[in-house]
Each structure stands twice: as C-alpha cells, then as structure tokens.
Amino acid sequence: MPVSSVDLLDLAEGLAENFESEAAFRASASRAYYASFYAAEDAAQRIKLPKLSRRINGGMHERLFCRFDDAGQRALAAKLRFAKADRVNADYKIGEVFTKNEATAALAFCRQLSGDIAALS
C-alpha cells in the first residue's frame with residue numbers, strides 16, 4: 001500500500017517523540033515538511049489547480065507554490081515556503097545545531113498546515 005502524507009506526519013511525530021538525537025530531530029522536521037508538500041500536491045489535483053502558464057525560476061516545489069499563489073491561495077503558498085525553509089535548515093545546515101524544540105515547532109506548524117490544506121475545496 002502506498003504511503004500517504006498522514007503516514008509521513010505520523011512518522012515525523014514518532015521521530016520527535018521517541019528519539020533523543022539531533023539526527024532524529026532533523027529527520028522529523030524534514031518528514032513533516034514532505035507530509036505538507038505531498039498533501040498540497042494531492043490538493044492541487046483534487047481542486048483542479050491550473051498548471052502554471054508562466055515560466056518561473058525554481059523546481060517542482062516552487063512551481064507548486066506558485067500554482068497556489070496564482071489561484072489566490074497566497075497565504076497557503078507562504079506557509080508552504082516557510083515550512084520548506086525549516087526543511088532546508090534541517091536537511092542542509094548540518095553544521096548548525098538543530099534542537100528538539102525546532103523539530104517540534106516544525107512538526108506543529110506542518111500539522112496545522114496539513115489541516116489547512118485538507119480543508120481546501
């Protein structure tokens with residue numbers, strides 16, 4: 001059975017709650033972001049967001065955020081960008097300390113964000 005965004009969010013929560021290592025905190029924040037990202041991808045399909053009609057600088061994540069921007073969901077796109085910034089810190093800034101508090105804050109933010117995304121119609 002394929003994994004769902006809810007499964008990723010549950011994994012992120014388990015990592016933050018059950019492990020006391022910086023690696024687990026980083027993995028938790030990363031999985032929490034991807035849970036929100038995949039929920040947003042599913043929502044874009046479900047609500048039939050139009051594809052981009054303009055060229056942008058950025059990868060698939062930024063293209064998805066811009067689709068929400070273009071559909072008038074600017075606040076949601078901004079939240080997705082904020083969550084992605086947390087994920088970038090967790091995944092790439094390994095020379096800086098990443099704490100359990102940062103992981104639980106990222107997780108709470110992404111849990112709320114995923115709820116906001118699920119409520120789209």
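**Cysteines, helices and a pocket**

Modeller: Please keep in mind that this is a predicted model. To begin with the cysteines, Cys110 is buried, with a relative accessible area of 2%.

Biologist: How many disulfides does the structure hold?

Modeller: The structure holds zero disulfides. Cys66 is in no disulfide, and the nearest cysteine sulfur, that of Cys110, is 19 Å away. A disulfide requires the two sulfur atoms to be within 2.5 Å.

Biologist: And Cys66, is that residue buried or exposed?

Modeller: Cys66 is buried, at a relative accessible area of 6%.

Biologist: Let us turn to helix 5. Which of its residues are buried?

Modeller: The buried residues of helix 5 are Ala103, Ala106, Leu107, Cys110, Leu113, Ser114 and Ile117. Seen down the helix axis, these buried residues fall within an arc of 135°, so they line one face of helix 5.

Biologist: What covers the buried residues of helix 5?

Modeller: The cover includes helix 1 (5-18), helix 2 (22-46) and helix 4 (74-92).

Biologist: What span should helix 5 have, and how far apart are its end C-alpha atoms?

Modeller: Helix 5 comprises the 19 residues 100-118, which at 1.5 Å a residue should span 27 Å. Its end C-alpha atoms are 27 Å apart, in agreement with that expectation.

Biologist: Which residues are buried in helix 1, and what covers them?

Modeller: Ser5, Leu8, Leu9, Ala12, Gly14, Leu15 and Ala16 are buried in helix 1. Helix 2 and helix 5 are among the elements that cover them.

Biologist: Why does Ser5 count as buried?

Modeller: Ser5 has a relative accessibility of 17%, and buried means under 20%. Leaving aside residues up to four places away in sequence, Ser5 touches Ala35, Tyr38 and Ala39.

Biologist: A change of topic: how much space lies in the largest pocket, and which residues line it?

Modeller: About 160 Å³ of space lies in the largest pocket. Its lining consists of Phe37, Glu41, Ala44, Gln45, Lys48, Leu49, Lys51, Met60, Arg63, Leu64 and Arg67.

Biologist: Which elements give two or more residues to that lining?

Modeller: Those elements are helix 2 and helix 3 (60-70).

Definitions and conventions
Residues numbered from 1 in each chain as written. Predicted model: local features only at pLDDT ≥ 70, side-chain atom pairs only at ≥ 80, totals over all residues. Heavy atoms only, no water. Buried < 20%, exposed > 50% of the residue type's maximum accessible area, 1.4 Å probe, protein only. Helix = DSSP H or I, 4+ residues; strand = E, 2+ residues; numbered from the N terminus. Expected span 1.5 Å × (residues − 1). Arc of directions from axis to C-beta. Contact = heavy atoms within 4.5 Å. 1 Å grid on protein atoms, 1.4 Å probe; cavity = no way out; pocket = protein on both sides within 12 Å on 5 of 7 lines; lining within 4 Å. Points joined across faces, edges and corners; volume = space filled by probe spheres on them.
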